[in-house]
Amino acid sequence: MKDLALASSREIVKRNRAFLGKIVLFSALLLISVFLSLLLGRYPALSLQSPQAIVSDPMAFNLAINYRLPRILLSLLLGATLSASGVVLQMIFRNPLVEPGFLGVSQGAAFGASLAIIFLGSSLLTMEMLAAFFSILGLFLSIFLARKLRYGGWILRLVLAGIAVSALFSAGVGVLKYLADPLKQLPEITFWLLGGLWGSDWHQVFYVVPFVLPALIVLYLIRWRLNILTLEDSTAFSLGVRPGREKMLVLSLAVIPVAVMVSVAGIVGWVGLIIPHISRKLVGANSQFSFPLSLFLGAFFCLFCDTIARTMLWGEIPLGILTSLIGAFIFLLILTRPSSRGFV
Amino acid sequence: MRALSLSGVSFSYIPREPVIRDVSFSLESGRILALLGPNGSGKTTLLHLILGQLSPKRGEIEIFEREIRSYSRSELSKIIGLARQEERVAFEFTALEYVLLGRAPYLGPLEAPSDDDYEKALQALEMAGVFHLQDRFLTSLSGGERQLVIIARALAQIPKILLLDEPLAHLDLKNQSLLLQVLKSLREQGVTVVFSTHDPNAASVIADQILLLQKGCLLQYGPPDEVLAPEKLQDVYEVPLRIVEGNGKRYVLLENIGER
């Protein structure tokens with residue numbers, strides 16, 4: 001007879017140790033990256049300044065504290081939000097190819113921002129507000145339409161409704177681009193659609209934190225339970241879960257922060273798709289471990305890309321271009337590797 | 001004590017097209033019941049009614065002599081476990097990670113499995129005879145091994161009533177024999193088992209009671225030697241059948257395979 005108590009505690013110790021090791025490693029990596037990113041920038045030429053040099057020069061200090069630091073925090077929050085949302089959506093939809101912009105959220109934000117650029121004079125505040133409004137409208141419209149559809153199960157209906165809503169907003173963006181002044185407004189729309197954190201300040205940090213942080217904390221606390229939502233509804237039901245109700249709650253917690261982040265950062269693709277894949281590859285599919293790791297990796301990935309975006313050239317490289325470029329490359333690398341633990 | 005009692009239960013997905021019609025029966029605790037009938041006879045719907053996932057349009061269901069609606073979802077999930085015929089798992093969970101999900105009824109929304117839950121999950125894997133598969137990915141298992149792991153997940157719930165939807169469908173003879181041993185040992189521990197099957201022989205081998213269903217109607221309910229009569233079965237399966245006896249059990253054979 002096997003000693004199950006001993007085996008089970010050994011199992012827990014083994015898993016927790018391996019996971020803790022990875023988390024400590026990534027936390028250290030993230031902290032070092034934040035510190036380096038704070039010191040790195042164009043002042044006026046690209047350089048890695050020493051902390052003493054920054055503290056002793058008021059202008060450099062102002063630049064680091066009021067421009068670089070909020071931007072760094074926003075990039076961390078953006079990455080963590082997109083990846084957390086990616087993990088949750090992929091689990092709920094039981095499909096590893098789903099990403100957070102799925103339910104009309106990204107295209108809704110694009111429509112809102114374009115509308116602001118053309119009709120409201122492209123102030124950052126109105127762009128953010130309209131982008132957030134239309135992005136959340138996109139989510140609710142998708143859910144509303146899914147309830148009205150008379151075809152397939154709930155997940156399929158949501159997918160179809162999301163595709164339809166995204167297409168509607170995308171057509172709207174097309175019309176707005178057609179109406180836009182080609183010299184001023186059209187480049188602005190195009191630049192916004194490519195995503196970026198170039199206008200970041202502390203106001204934006206204070207604006208996103210109340211939406212993003214509580215949602216991420218709740219999702220973190222229920223991370224093991226997310227596994228149950230990947231099961232067939234009748235099985236989840238037999239385990240004491242009300243799948244419809246819990247999926248809607250978790251979906252809202254995952255998508256509303258994305259809508260808020262997109263309103264600030266524009267459309268930043270691929271993060272929510274590839275980071276959950278990489279996490280599952282490193283620690284397995286169990287969301288008790290893959291969810292927290294995704295938060296770290298997503299934050300690190302966006303910080304890395306955004307640091308390149310603001311330092312590599314004299315001008316700003318849109319963040320969305322870099323995340324797509326690097327993300328697609330990593331994705332291809334994962335798919336062409338022979339072993340692919342964590343996703344089917 | 002009566003574990004399960006249905007009186008006049010009817011159910012329909014579409015109005016005026018009932019899939020379960022006026023079904024009444026009761027089952028003592030610690031017994032094995034086979035829901036027998038051809039494909040589409042309403043076996044899975046009946047299981048989902050007993051699970052509480054579907055509510056009857058008419059009639060009443062009692063679990064341990066208490067109306068099913070009086071139980072909370074959490075209470076019921078500690079009493080009834082379900083193992084489905086085919087569970088599609090979208091991500092690569094190991095068998096142990098998957099079986100641990102069976103501990104969900106005992107965990108709060110913010111809790112993760114404890115030492116005790118790991119121990120219960122390992123016990124369930126051992127009980128289902130698949131302890132050695134604990135670190136294997138579910139997607140890498142054969143159909144039979146996978147079915148046993150799914151049953152282990154339901155056993156980790158420590159249910160008083162275990163519902164199994166076509167549990168023998170994907171199993172080879174060795175795994176069938178393993179599963180039947182598991183069911184026997186559950187019966188000895190006082191667990192009530194309800195399983196659906198379209199195979200009269202599977203019902204005959206293990207069930208204490210058989211409920212014969214035809215197009216949602218209860219055709220007969222009783223012990224195997226009463227229910228497994230050629231006339232009734234021929235009527236239900238619409239093929240000529242022969243009953244043979246051996247080891248004190250009745251077995252059903254196809255009489256002959258005619259020309260089309």
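Among contacts in chain B between residues at least 6 apart in sequence, what percentage join residues at least 24 apart? The value is 65%, where two residues are in contact if their C-beta atoms, placed from the backbone, lie within 7 Å.

## Basis of the report

The model is predicted, and local features need pLDDT of at least 70, side-chain atom pairs count only at pLDDT 80 or more, and totals for chains, interfaces and linings use all residues. Residues are numbered from 1 along each chain as its sequence is written, while chains are lettered from A and ligands numbered from 1 in the order in which they are written.

## Chain A as a whole

Chain A contains 13 helices and 2 strands. Helices (H or I, at least four residues) and strands (E, at least two) are DSSP runs, numbered from the N terminus. Chain A is as compact as a globular protein of 344 residues, because its radius of gyration of 21 Å is close to the 20 Å that the globule rule gives. The radius of gyration is taken over C-alpha atoms, and the rule is 2.2 Å times the number of residues to the power 0.38. Along the principal axes, the C-alpha atoms of chain A fill a box of roughly 75 × 55 × 40 Å.

Of the 344 residues in chain A, 49% count as buried. A residue is buried if 20 or more other C-beta atoms lie within 10 Å of its own, exposed if 12 or fewer, and partly exposed in between, with C-beta atoms placed from the backbone. Among contacts in chain A between residues at least 6 apart in sequence, 76% join residues at least 24 apart.

## Helix packing in chain A

Two packed helices are described by the angle between their axes and the distance between the axes. Helix H5 (residues 124-148) and helix H10 (residues 243-265) of chain A have axes that come within 8 Å and cross at roughly 150°. Axes are lines fitted to C-alpha atoms, for helices over the stretch in contact, and angles run from 0 to 180 degrees between N-to-C directions. This angle makes H5(A) roughly antiparallel to H10(A); angles under 35 degrees count as roughly parallel, over 145 as roughly antiparallel, 65 to 115 as roughly perpendicular and the rest as oblique. The contact involves residues including Ala131(A) and Leu139(A) of H5(A) and Val255(A) and Ala259(A) of H10(A). By class, the contact of H5(A) with H10(A) has 10 nonpolar, 2 polar and 1 charged residues. Ala, Val, Leu, Ile, Met, Phe, Trp, Tyr, Cys and Pro count as nonpolar, Asp, Glu, Lys and Arg as charged, and the others, Gly among them, as polar. H5(A) and H10(A) cross in a right-handed manner.

Helix H3 (residues 58-92) of chain A also packs with H10(A): the axes come within 9 Å and cross at roughly 150°. The crossing of H3(A) with H10(A) is left-handed. A crossing is left-handed if the near helix is turned anticlockwise from the far one by less than a right angle, and right-handed if clockwise. Among the residues making the contact are Leu74(A) and Leu78(A) of H3(A) and Val258(A) and Met261(A) of H10(A). By class, the contact of H3(A) with H10(A) has 17 nonpolar, 2 polar and 1 charged residues.

## Where the chains meet

In the model, 35 residues of chain A are in contact with 31 residues of chain B. On the side of chain A that touches chain B, the elements giving two or more residues are helix H1 (4-39) and helix H9 (233-238) of chain A. H1(A) gives the most to this side, with 7 residues. By class, the side of chain A that touches chain B has 15 nonpolar, 12 polar and 8 charged residues.

## Chain B and its local features

Chain B has 9 helices and 12 strands. Buried residues make up 46% of chain B. Helix H1 (residues 43-51) of chain B is mostly covered, with 7 of its 9 residues buried; among them are Leu46(B), Leu47(B) and Ile50(B). Just after H1(B), Gly52(B) takes a positive phi of about 95°.

Most residues other than glycine have a negative phi. Asp22(B), although not a glycine, has a positive phi of about 50° and is found in strand S2 (residues 17-28) of chain B. Asp22(B) counts as partly exposed because it has 15 C-beta neighbours inside 10 Å. Glu65(B), also not a glycine, has a positive phi of about 60° and lies in the loop between strand S4 (58-63) and strand S5 (66-67) of chain B. With 11 C-beta neighbours inside 10 Å, Glu65(B) counts as exposed.
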